[in-house]
Amino acid sequence: MGDLANIFIKSAFIENLALSYFLGMCSFLAVSKSVKTAFGLGIAVIFVQSITIPVNWFINYVILSENGIFGIDLTFLRFILFISTIAAMVQLVEMVVEKYSPSLYNSLGIFLPLITVNCAILGGSLFMVSKEYNFSQSLSFGIGGGFGWFVAIVAIAAIREKMRYSNVPAPLRGLGMAFILTGMMGMAFMSLMGIDLTSFGK
Amino acid sequence: MAEILEKKAPAIEFGKEERKLLTDPLNSNNPITVQILGVCSALAVTTLMNKALVMAIAVTVVTAMSNAVTSMLRNSIPKQVRMIVQLIIAATLVTIVELTLKAVNYPIYKELSVFIGLIITNCIVMGRLEAYAMANRPWRSFLDGIGNGLGYGIILIVVAFFRELLGKGSVFGFLVIGNTSDYLINTTSSPWLSWYANNNLMVLFPSAMFVIGIVIWAHRAWNKSLVDIS
């Protein structure tokens, strides 16, 4: 159990997908204008991430690996199967959001289907493969990674809402400032990489 | 039926509208600095200029071809499964580009292999498919893809130029300003080249954010219509 909590904290803060690996930047910068929409997208990412990573774990170890049901190494199909799973899940989320929250659907606009190509989702699945997690660990990693991305986008949205009252040079206002802020937040998160979680358990 | 009707219109023409499709993404509708598409890969491949150049060409090819193919199929794709169809088209084209690059220039393929695969998840491809190709004819969609690929490439080259120059002191791999410590070891190199200490921050991810932020600043200072007034 402590192992799972460690993976959660590590994936959410120390190896934050948005601010340490800079994955999923397109939607991160475009949808962080207000805390409300950022919150909605963050929740959608947590949902998609925590479903697709375990499903992709299943695909990777039960269907594609040499010890799986086909008994042959099919890992060259990894990209196309992972992306299909993700696309199917995002399509599902899109239909649900369109039905139950049309206002959120309109404010997210093109960035809802773009969760499919949010590098953080595919990147999370590929990290899960390269770190050789088992099923429960990959579930914890999925929720943690999604949560870290959620924290990052809500944080930058809050800063950008406050930035509206600052005297920024006109051409730098909005997007330009968002890029520079993200760079600074990334530098701040680099300092978290020094934390050694194994020493807490002892 | 819809496809039969479309054939009556001239398939390939190049007028004012078409020229606009090519030039708009270079300036007022740039994929990176205005539409915010394809930022992740712009951060990853801009440490070296030749990486950025090959990536820009690959993205241009994939965007143009996938736009054209999706636009041809757009009337027969059901709305509920459109994303899966679009991604499979993009993934097929990326595989073609990847295998071509492997055959033509193996060293660069070795250096870029992961990022070429990640063109599938490059937002430019998917963003243009959703925003343009699903509603327009093949020839125009093709031009739109080329224009967006070029707009992406220009920013990539500019960012890579500054990051490589300040981080490694070179341009396209040729040493322009040498490192001071190199001069101390090899005093035969010309001293005026060796006054600079390489800035390692420029090789890390946050510096790409800063450089793109400054590029946006310069771009908007020059093109006032893009200034964010909200």
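**Exercise 1. Describe the surroundings of I156(A) and state whether this residue is buried or exposed.**

Solution. Step 1: beyond its neighbours within four places in sequence, I156(A) is in contact with F28(A), S32(A), A178(A), L181(A), T182(A) and M185(A), where contact means heavy atoms within 4.5 Å. The model is predicted, and local features need pLDDT of at least 70, side-chain atom pairs count only at pLDDT 80 or more, while totals for chains, interfaces and linings use all residues. Residues are numbered from 1 along each chain as its sequence is written, chains are lettered from A and ligands numbered from 1 in the order in which they are written, and side-chain values use heavy atoms, with hydrogens and water left out.

Step 1: I156(A) has a relative accessible area of 0% and is therefore buried (buried means under 20% relative accessible area, exposed over 50%, partly exposed in between, with a 1.4 Å probe and protein chains only).

Step 2: I156(A) belongs to helix α7 of chain A. Helices (H or I, at least four residues) and strands (E, at least two) are DSSP runs, numbered from the N terminus.

**Exercise 2. Determine how α7(A) and α8(A) are placed relative to each other.**

Solution. Step 1: two packed helices are described by the angle between their axes and the distance between the axes. Helix α7 (residues 135-163) of chain A and helix α8 (residues 175-190) of chain A have axes that come within 11 Å and cross at roughly 130°. Axes are lines fitted to C-alpha atoms, for helices over the stretch in contact, and angles run from 0 to 180 degrees between N-to-C directions.

Step 1: α7(A) is therefore oblique to α8(A). Angles under 35 degrees count as roughly parallel, over 145 as roughly antiparallel, 65 to 115 as roughly perpendicular and the rest as oblique.

Step 2: on the α7(A) side, the contact includes A152(A), I156(A) and M163(A), and on the α8(A) side L175(A), A178(A) and M185(A) are among the residues. By class, the residues of this contact are 10 nonpolar, 1 polar and 1 charged. Ala, Val, Leu, Ile, Met, Phe, Trp, Tyr, Cys and Pro count as nonpolar, Asp, Glu, Lys and Arg as charged, and the others, Gly among them, as polar.

**Exercise 3. Locate Q91(A) and list its contacts.**

Solution. Step 1: Q91(A) sits in helix α4 (residues 78-100) of chain A.

Step 1: with a relative accessible area of 4%, Q91(A) is buried.

**Exercise 4. Characterise chain B and the packing of α4(B) with α8(B).**

Solution. Step 1: chain B contains 10 helices and 2 strands, in the order α-α-α-α-α-α-α-α-β-β-α-α along the sequence.

Step 1: chain B has 230 residues, of which 49% count as buried.

Step 2: helix α4 (residues 49-73) of chain B packs against helix α8 (residues 138-168) of chain B at an angle of about 165°, with the axes 8 Å apart. The two helices α4(B) and α8(B) are therefore roughly antiparallel to each other.

Step 3: the crossing of α4(B) and α8(B) is right-handed, and their contact has 19 nonpolar, 8 polar and 2 charged residues.

Conventions
Left-handed = near helix turned anticlockwise from the far one by under 90°.
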